[in-house]
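Let's take a walk through the charged side chains of this one. Have a look at the model first, then read on.

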Amino acid sequence: MEDLYKVITRDEAIERFEAFELPAVIEECEQDGELDGPARREAWNNYTDYLCKDDQISDWQYANWTQPECC
């Protein structure tokens with residue numbers, strides 16, 4: 001139960017994703033100006049996988065969080 005105090009919230013994860021991960025997706029996959037939903041969703045999935053493996057989010061968070069609106 002004490003591990004719950006060490007994890008970040010979904011809002012914090014989305015904020016970090018939008019600040020640090022999403023710009024790279026936009027630069028790499030959206031050069032034509034078209035939103036690339038699959039690339040954004042894959043980046044979110046990879047990001048949350050990393051957070052889980054790094055113990056920044058719980059297994060439950062990883063399994064139950066939905067894609068954010070930006071994806």
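Start in helix α2, where aspartate 49 and lysine 53 sit four residues apart, about one turn of the helix; helices here are DSSP runs of H or I with at least four residues, numbered from the N terminus. Their side chains meet in a salt bridge at 3.1 Å, N to O, the term meaning a side-chain nitrogen of Lys or Arg within 4 Å of a carboxyl oxygen of Asp or Glu. Lysine 53 is exposed at 65% relative accessible area, while aspartate 49 is partly exposed at 23% (buried is under 20%, exposed over 50%, partly exposed in between, with a 1.4 Å probe and protein chains only).

A word on the ground rules: this is a predicted model, so local features need pLDDT of at least 70 and side-chain atom pairs pLDDT 80 or more, whereas totals for chains, interfaces and linings use all residues. Residues are numbered from 1 along each chain as its sequence is written, and side-chain values use heavy atoms, leaving out hydrogens and water.

The structure holds two salt bridges. In the other, glutamate 30 pairs with arginine 40, with the closest N and O atoms 2.7 Å apart. Glutamate 30 lies in the loop between α1 and α2 and arginine 40 in helix α2, so the pair ties together parts ten residues apart in sequence. Glutamate 30 is buried at 10% relative accessibility, and arginine 40 is buried at 9%. Arginine 40 also touches residues including Phe17, Leu22, Cys70 and Cys71, contact meaning heavy atoms within 4.5 Å.

Terms used: Helices (H or I, at least four residues) and strands (E, at least two) are DSSP runs, numbered from the N terminus. Lists of a residue's contacts leave out its neighbours within four places in sequence.
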